Each structure stands twice: as structure tokens, then as C-alpha cells.
Amino acid sequence: MGIFDTHAHYYDTAFDPDRDALLSSLPGKGVELVVCPGCDLASSQASIDLAARYDFLYAAAGIHPENLEGVGLEAVEQVKALCARDKVVAVGEIGLDYYWVRQPEQRAFSREMFDAQLSLSEELNLPAIVHDRDAHRDSLDLVRAHPKARGVFHCCAVSLEDARVLLDRGWMLSFTGNITFPKARRAIEILQWMPLASLMLETDAPYMAPEPLRGRRCDSTMIVYMAEKIAQCRGDVTAQQVLEMTLENGKRFFRL
């Protein structure tokens, strides 16, 4: 099938009971490549460790906006050191989250950290994997402030207008199983409009399992349901073609 899951957290405790068995089975089920982004220093290291054990798995290193308690800007130097490790292909998961991060001073620091990690992305010439929840204006402003950065808005939740801005800057958009949910109107509007060359697919595993598997632990094989949804809503491409195109897009984006 040629699945590239560009965002899966296989270090998550949800996979503790059967992680090795599951990961070992994925290539036989059509999964060709997976990128596992960290959310803090420990999970970034865990992603690197997994990438060392599985040929098809790659890592990203970064500090997520929900994981900033007790963290200072000096941690960016530690992220930089992790990004120098083998099979690290991106800075991430980084960004802004105003749903969970609500205090003004916390939001201000999360903007500082996002800014610093985007600068790191530019410095290292690595793509950025961006988390943006309820913070679209500030997220786009910081992207604009880093014209040399390239990246992807993962689990894309922006408006069509903002999607146009990002694609005009050469950024990618990535979608999860939530595009199959009944209320996914905004994402469907973008998917019907956007050029497929700017599209990547992901699970955000263990979260975001698609319909009809919603509520279950998600894994990379479930991307097939997302490809089917995109083929259905566009009408100009088959699910297999979506898988093939997003595989090539991901390879190009992560330089694999």
C-alpha cells in the first residue's frame, strides 16, 4: 500500500503492552515509513532509541507547548544536540496550544519557545513539525517571522484562508483520522481545494483513530481510512493514489 505515517508517538505508554510486536508487524501491513516526534527531551530521546531499532522509523526532537513546565530557553540547546543524532529528520513537535495553555505568562513563554525552536529549524535546515491548537493568529505570525523555516502544520485545524497562506510559503499540511469524523467540515473544505503535492497523512497515534475505529488505540495501518476519505471527498483520485502521493511527499519533505 505504501503508507507513510508522518506523525506517530510510539513511545507513548499506550503501546507498552505490545510495542515491539506491533512495530515489527507494520512493514508486513503496508507501512513503509513512520516519523516519531518527541514532545519533550525524554520522549525525543525515546523516539531516537526506537528509530535506532527499526529501519522504517525516524525521529524528531522538540518541546511541545504543553510540556514547558520547569523548562527554560536553554533547553533549546539540548534539543539541538538531540537533532544531531542519527535518523533525526525534523524539529518537533513544537508550536502553540491555547486550549490547554491559558495563563498569559505561560502563553508568552510558549511563544518564546516556539520562536526559538523555529530559529533552530532554520539553523539546522531541518523541517519543523508544528502543533497549533486555538492559536492560529500567533502561530502564523511566528511562521512569517521565520521566512527560511519550512515545515508542516500537523493535525491541521486552520481555516482555508490560513491554509492558503501556509501553502504559499511552501509549507505542508498534514491530516489525521479526525477528517473522517462527521463534524470535519473545515478539513474537508481544505482537502477538496489543496494541491495533493502539499499533503501528508499521519495518525498522531495512539490518538485520533478514524471512523469506524474511533475510540480505539490508533496505529499506522489506519491511514488507509484517511486515504479513502480523501478519495471520496475529492473524486479525482483513488485511495491508493493518495497513499502513493503522500508517501512521495513525505520522503521529499523529510529528505528520505
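The accessible surface of the protein chain comes to about 11,000 Å². Carbon and sulfur atoms contribute 48% of that area. The structure is a predicted model. Of its 256 residues, 57% count as buried.

The overall dimensions were computed next. The C-alpha trace spans about 45 × 40 × 30 Å along its principal axes. The radius of gyration of the protein chain is 17 Å. A compact globule of 256 residues would have a value near 18 Å, so the chain agrees with that expectation.

Contacts in the protein chain were examined by sequence separation. Among those with a separation of 6 or more, 71% join residues 24 or more positions apart. Charge placement was also computed. The protein chain carries 27 positive and 37 negative charges.

The secondary structure of the protein chain consists of nine helices and eight strands. Two of the strands are described here in detail. Strand 1 covers residues 3-5. Strand 2 covers residues 31-37. The two strands pair in the parallel sense, over three bridges. Asp5 has Val34 of strand 2 as its bridge partner.

Strand 2 has seven residues, and six of them are buried, with relative accessible area under 20%. Strand 2 is therefore largely enclosed by the rest of the structure. In a regular strand, side chains alternate between the two faces of the sheet.

Conventions: Residues numbered from 1 in each chain as written. Predicted model: local features only at pLDDT ≥ 70, side-chain atom pairs only at ≥ 80, totals over all residues. Heavy atoms only, no water. Helix = DSSP H or I, 4+ residues; strand = E, 2+ residues; numbered from the N terminus. Rg over C-alpha atoms; globule rule 2.2 N^0.38 Å. Buried < 20%, exposed > 50% of the residue type's maximum accessible area, 1.4 Å probe, protein only. Contact = heavy atoms within 4.5 Å. Areas by Shrake-Rupley, 256 points an atom, 1.4 Å probe, with all protein chains shown as cover. Lys, Arg positive; Asp, Glu negative; His and termini not counted. Charge placed at Lys NZ, Arg CZ, Asp CG, Glu CD. Pairing = 2+ DSSP bridges.
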